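Me: I'd like to learn how to read the packing and the sheets in a model like this one. Could you walk me through it?

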Amino acid sequence: MDRILADLHVFVAMTETINSNLDMRAVLQGVTDAGTKLSGAQFGAFFYTPTDADGQMSRFHVLSGVEESVFAHVPPPRLSRIFEPARTGTGTIRVADVLEDPQIEAMPRGHLQLRSYLATSVASRDGEIIGALMFGHEQPDVFDKRSEDVVRLVATQASVAIENARLFEAEKRARKQAEEAVDRVSLLQTITARLASAFSTREALSAVVDTLSGPMGAHRIGVYLREDGVFRLVAGTGGAMDQGGEKRTPMRLLRADWPSPAATAAETRQPVTLRSAEEIRAQYPELAMSLVGVQAGASLPLTFGDNTLGVLVLGWPHPRDFPTPEIEMLAAAAGQLASALERARLYDAERAAQERLADSAARATNVSQTLQRSLLPRSLPKIESVEVAVRYLPGTAGAEVGGDWYDLIAAPGGIGVLVVGDVQGHSIGAAAVMGQLRTALHAYLAEGHEPHVAVARVNRVMADLDAHVLATCCLIAIDPASGEAKIVRAGHPLPLVRRADGSVQAIGEE
């Protein structure tokens with residue numbers, strides 16, 4: 001009776017412990033400890049890790065009744081046929097003396113002295129084998145039918161607690177994955193927003209490198225662009241310490257035909273990941289010395305259409321895995337960077353073209369202004385009893401150059417002829433036509449031809465030039481002796497008269 005009460009106390013304590021604890025290792029330890037005590041075993045073990053392809057248990061998960069260091073250097077035992085029921089869940093195994101059982105293979109060297117053996121499988125509610133409880137004693141024939149029953153009862157309770165712990169771990173993993181997914185989306189949104197407002201190559205590079213530097217935990221981030229058979233580092237951050245404590249900066253140039261993760265990523269147009277220094281040395285032995293301090297790396301191609309512009313490279317100072325969602329996020333960031341770099345290249349090219357065009361236009365304007373100034377009168381003749389003042393200003397902004405002209409001609413008989421004309425357009429061609437018309441009109445008037453005759457002759461000159469432009473002009477011939485003025489106009493507006501009282505009126509208006 002006392003034995004039953006003692007076992008009951010142990011079983012109740014185990015149940016409370018494993019059902020109130022969601023930590024897997026604590027649950028397994030509680031189950032193993034209780035099974036060892038209840039079965040009367042000298043030591044017990046819970047094999048939780050599945051077997052490998054050779055049928056070997058990979059390691060003990062927890063031990064009871066003996067320090068784990070005892071088994072630190074002991075290889076795992078082979079699984080002979082007698083262990084099969086416990087491993088597959090087809091039954092419970094009880095061996096009175098393993099030394100006398102022909103089905104038991106010899107224990108590995110260094111293993112505890114084992115005579116009595118008891119094992120049972122732990123299965124989930126859907127029949128999945130979670131693991132196996134195994135117990136031993138150095139004395140033979142220790143376990144009996146009661147030991148089998150109590151161990152199976154422990155295994156039943158253990159399966160429920162273990163499933164709860166597994167569900168809790170799965171929930172924690174799911175929560176962590178969800179949080180990581182939110183962080184990745186937020187990071188990509190930040191990169192997208194910064195790239196959307198990046199109009200130069202420097203701004204685009206900074207948007208990705210600066211944003212990834214902290215959250216990704218990488219100690220090296222670099223962007224290599226392909227130029228004339230090499231990958232040139234155009235932006236980067238971080239470095240690594242070599243064994244002597246000296247900081248090693250990322251390589252500035254990588255030959256495109258030299259084996260490297262960047263070259264592979266660019267050639268295959270696929271991400272390249274290296275999880276450890278061993279993988280780096282195995283796949284890129286010539287590059288290993290240049291990557292001192294780098295224990296893991298990822299290279300993402302910068303592709304735009306059919307072109308591979310370069311590679312985004314990240315390095316970590318410790319081994320790590322690369323979950324698929326993380327690589328997908330980095331690949332998306334690399335793709336957006338490639339688009340931004342191409343947009344920046346087109347923007348830079350357009351801006352350079354505009355600057356060249358503006359420079360060309362400025363030179364053309366300067367030539368036109370010089371030509372126009374050379375065709376206009378440098379000085380005006382003096383006409384008796386007539387005061388003349390001239391102002392030459394553009395009628396609209398940006399119209400400093402064109403076919404507008406003025407002149408004052410001293411005709412025979414003391415007559416002064418004022419001329420204002422306009423040739424259609426604001427260009428070197430218009431200025432050239434203006435110069436020819438002005439010269440012809442000046443010559444005819446200086447010879448003494450009447451204004452209307454001079455205009456008629458210049459009209460024929462205009463037709464002979466075949467300039468395909470329109471020209472207008474207005475002449476005012478002033479005779480200081482008589483005080484009379486004659487006006488001749490060819491399509492030009494009438495002149496304005498400003499009287500002594502300040503009023504202004506167009507000639508011909510009443």
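Reply: Happy to! A nonpolar core is a set of buried Ala, Val, Leu, Ile, Met, Phe, Trp, Tyr and Cys residues joined through side-chain atoms within 4.5 Å, where buried means under 20% relative accessible area with a 1.4 Å probe, protein chains only. This is a predicted model, in which local features need pLDDT of at least 70, side-chain atom pairs count only at pLDDT 80 or more, and totals for chains, interfaces and linings use all residues. Residues are numbered from 1 along each chain, and side-chain values use heavy atoms, leaving out hydrogens and water.

Me: Which residues have the most contacts inside the largest nonpolar core?

Reply: Leu 212, Leu 302, Leu 312, Leu 314 and Leu 337, in a core of 34 residues. Helix α8 (324-375) is among the contributing elements and gives the most, nine residues. (Helices are DSSP runs of H or I, at least four residues; strands are runs of E, at least two.) Another core, of 23 residues, lies apart and includes Val 433 and Cys 473.

Definitions and conventions
Buried < 20%, exposed > 50% of the residue type's maximum accessible area, 1.4 Å probe, protein only.
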